Amino acid sequence: MTAMLEVKNLHVFYGAIHALQGVDFELNEGEIVTLIGANGAGKSTTLKTISGLLRPRQGSIAFRGVDLTRVSATRIVSLGISQVPEGRKIFAPLTVRENLELGAYTRKDAREIQESMERVFASFPRLKERINQPGGTLSGGEQQMLAMGRGLMSKPQLLLLDEPSMGLSPLLVEEIFRIIVDINAHGTSILLVEQNAAMALSIANRAYVLETGTVALHGPAAELLEKPQVKTAYLGR
Amino acid sequence: MQKLLNRIAVSVRKSPVIWAIGVLLLAWLAGRARQNPVLFAQFLVDGIRLGFVYALVALGYTMVYGIVRLINFAHGDVFMIGAFAAFFATTRYHWSFVPAMVLAMVVCAFLSVVIERIAYKPLRDAPRISALITAVGMSFFLEYFTALNFVFTPNFIVFAPQPLQFKSWNVLGVTVSNIMFVIIAVGTICLVALYYLVYRTKLGKAMRAVAWDKPTARLMGIDVDLVITFTFALGAALAGVGGMLYVVAYPQIRTFLGVMPGLKSFIAAVFGGIGSIPGAFIGALTIGMVETLAAGYLSSTLRDTIVFSILIIVLLLRPTGLFGEAAKEKA
Ligand SMILES: Nc1ncnc2c1ncn2[C@@H]1O[C@H](COP(=O)(O)OP(=O)(O)O)[C@@H](O)[C@H]1O
Ligand SMILES: [Mg+2]
């Protein structure tokens with residue numbers, strides 16, 4: 001069986017800066033795969049390229065046989081890929097409801113959208129209490145929940161999460177990761193970018209370690225947890 | 001309310017002289033109003049009429065600024081083209097009022113979309129000053145190109161016959177006209193429709209999302225370029241309505257007629273807080289009234305000086321205007 005997402009030899013530039021220098025990885029249906037690596041390794045760049053915000057100079061991204069490097073960002077969302085960006089990026093002046101509705105922008109059926117919203121509220125009950133509040137007035141943890149809820153509103157097959165634990169208290173991080181596992185259990189594949197490598201490896205099936213724009217290491221998450229290089233560089237042990 | 005009072009208190013402490021002048025001016029106005037209330041009411045009514053025209057133009061400035069952070073200086077000239085479109089439709093081809101207005105809207109929307117695509121879009125990632133200079137250039141181009149003899153000519157053209165027969169009535173001493181009612185009615189319809197579009201529809205939600213954060217809007221699947229184009233078209237269509245109403249009220253047209261209303265509408269948008277839709281409306285009504293009061297009580301030669309001083313005062317006191325958001329944090 002071929003992988004759900006197959007990234008091959010990806011090269012991405014910012015002007016003269018060669019940010020991704022031949023990244024290869026894949027993700028199978030139903031998996032949680034994590035990309036870990038230091039600040040500036042190219043994790044966010046990888047996700048932005050998958051979502052079509054950046055175009056690679058070389059390489060391919062195949063999602064169920066479609067080459068994403070040739071389709072628009074809008075189409076990528078309709079194909080079933082949704083991203084929860086780094087730093088949450090809530091539409092601050094818009095209400096919680098409007099933020100969620102924007103997550104369903106590519107969908108038409110109002111009743112199904114309403115059902116998705118109910119499902120989001122089941123996972124994040126606190127959002128329901130704040131439904132008419134501007135997104136910008138939520139706390140950091142609530143904003144992360146809103147960002148994830150918004151990402152789920154397009155009913156993605158594959159959810160890209162960029163550092164969902166950033167800036168949250170340990171308790172909230174636990175909660176967010178529990179929800180990620182739950183989302184995955186309901187059939188959504190997950191590509192998780194994290195600096196919190198210990199947490200990410202604890203829930204992922206497989207992992208890739210990114211270093212200055214290339215994959216330095218990869219393998220089953222449990223194996224990487226034991227590798228000395230990973231322990232010293234990313235787990236701080 | 002409490003917040004507003006606090007804000008005013010802070011502002012008074014910061015710039016007591018300007019506030020003192022403002023209070024004196026209001027007191028003086030109140031005095032004049034007591035001397036001759038009918039005349040004062042007449043000025044206010046005329047000011048509201050003018051303010052509605054400015055509002056239609058100011059909305060385009062504010063929406064375009066909100067979405068691409070560009071002060072589209074060519075907007076006043078798009079307004080002028082709207083006036084000419086209405087003029088040709090009604091005087092040469094004898095179209096009636098509503099079809100001529102629809103034509104003005106369509107022509108302006110189309111022109112503005114073309115301007116955006118060829119002049120602004122290529123500069124979207126360039127430093128902001130580049131697009132601003134381009135906008136000024138585009139404005140001059142439209143004014144001087146259309147002033148050529150084989151286009152519209154540089155001369156004044158009298159807008160006659162009018163699509164509306166002028167009628168006026170005397171209400172308690174104040175003169176009101178059918179044209180004034182049309183301006184206020186059409187202006188109100190446009191405002192309500194715009195408000196509904198921006199705050200109650202999916203497209204409006206997309207506009208607000210794009211205004212806030214373009215990359216994230218793209219992650220939602222929004223076609224950002226399309227939304228920007230639509231915003232230009234929408235603002236220009238309103239300017240087209242404004243252009244037609246303006247020349248129905250002041251029936252002399254020439255290719256520079258957009259300059260002053262354009263600048264004043266821009267000031268109205270800044271006064272209300274550029275980027276804010278209700279701000280543009282309140283700002284435009286205020287500027288319209290200030291203008292007629294200044295012309296009526298002081299002198300019509302001082303009128304423009306006074307309106308332009310408002311820009312300076314606002315920029316000094318409160319650069320974000322009445323309803324402007326403080327500069328937002330963005331990546
Ligand atoms: N907008 C940008 N312009 C120029 N360089 C950038 C930009 N964004 C990221 N980079 C560079 O690309 C590299 C990868 O960045 P990024 O993908 O954000 O890393 P990570 O998400 O792993 O922290 C870094 O060297 C960073 O400085
Ligand atoms: Mg990053």
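Predicted model: local features only at pLDDT ≥ 70, side-chain atom pairs only at ≥ 80, totals over all residues.
Trainee: How does the radius of gyration of chain A agree with that of a compact globule, and what is its value?
Mentor: Chain A has 10 helices and 10 strands, and its C-alpha atoms fill a box of roughly 45 × 40 × 40 Å along the principal axes. Of its 237 residues, 55% count as buried. A compact globule with 237 residues would have a radius of gyration near 18 Å, and chain A agrees with this, having 17 Å.

Trainee: Where does Asn9(A) lie, and what is its phi near?
Mentor: Asn9(A) belongs to strand β1 (residues 5-14) of chain A, and its relative accessible area of 32% makes it partly exposed. Its phi is positive, in a residue other than glycine, and is near 50°.

Trainee: Arg88(A) also has a phi to consider; is Arg88(A) buried or exposed?
Mentor: Arg88(A) is found in the loop between β6 (81-84) and α3 (96-103) of chain A, with a positive phi near 70° in a residue other than glycine. Its relative accessible area is 11%, and because buried means under 20%, Arg88(A) is buried.

Trainee: Over which ring does the charged end of Lys202(B) sit?
Mentor: Within chain A, the charged end of Arg57(A) sits over the ring of Phe13(A), 3.7 Å from its centre. The charged end of Lys202(B) lies 4.9 Å from the centre of the ring it sits over, and that ring belongs to Tyr105(A).

Trainee: How are the rings of Phe84(B) and Phe88(B) paired, stacked, tilted or edge-to-face?
Mentor: A search of the whole structure finds 19 aromatic pairs over all chains. For Phe84(B) and Phe88(B), the ring centres are 6.3 Å apart and the planes stand at 35°, so the pair is tilted. Both residues lie in helix α4 (residues 75-92) of chain B, 4 residues apart, about one turn of the helix. Phe84(B) counts as buried at 1% relative accessibility, whereas Phe88(B), with 23%, is partly exposed, and the geometry of the pair remains tilted.

Trainee: What is the geometry of the pair Phe87(B) and Phe159(B), and how many residues apart in sequence are the parts that it ties together?
Mentor: The ring centres of Phe87(B) and Phe159(B) are 5.4 Å apart with planes at 80°, so the pair is edge-to-face. Phe87(B) is buried at 3% relative accessibility, and Phe159(B) is buried at 1%. Ring pairs link Phe84(B), Phe87(B), Phe88(B), Phe152(B) and Phe159(B) into a cluster. Because Phe87(B) lies in helix α4 and Phe159(B) in the loop between β1 (157-158) and β2 (168-171) of chain B, the pair ties together parts that are apart in sequence by 72 residues.

Trainee: Which helix of chain B gives the most to the nonpolar patch?
Mentor: The nonpolar surface patch covers about 560 Å² and is made by Val17(B), Ile21(B), Leu25(B), Trp28(B), Leu298(B) and Leu302(B). Among them, Trp28(B) is partly exposed, with a relative accessible area of 34%, and has its place in helix α2. Giving 4 residues, the helix that contributes the most is α2 (residues 16-35).

Note on methods:
Residues numbered from 1 in each chain as written. Chains lettered and ligands numbered in written order. Heavy atoms only, no water. Phe/Tyr/Trp six-rings, centres within 6.5 Å; stacked < 30°, edge-to-face > 60°. Helix = DSSP H or I, 4+ residues; strand = E, 2+ residues; numbered from the N terminus. Buried < 20%, exposed > 50% of the residue type's maximum accessible area, 1.4 Å probe, protein only. Lys NZ or Arg CZ within 6 Å of the ring centre and 35° of its normal. Patch = residues over 30% accessible without salt bridge, like charges linked within 9 Å, V, L, I, M, F, W, Y side chains within 5 Å. Areas by Shrake-Rupley, 256 points an atom, 1.4 Å probe, with all protein chains shown as cover. Salt bridge = Lys/Arg side-chain N within 4 Å of Asp/Glu carboxyl O. Rg over C-alpha atoms; globule rule 2.2 N^0.38 Å.
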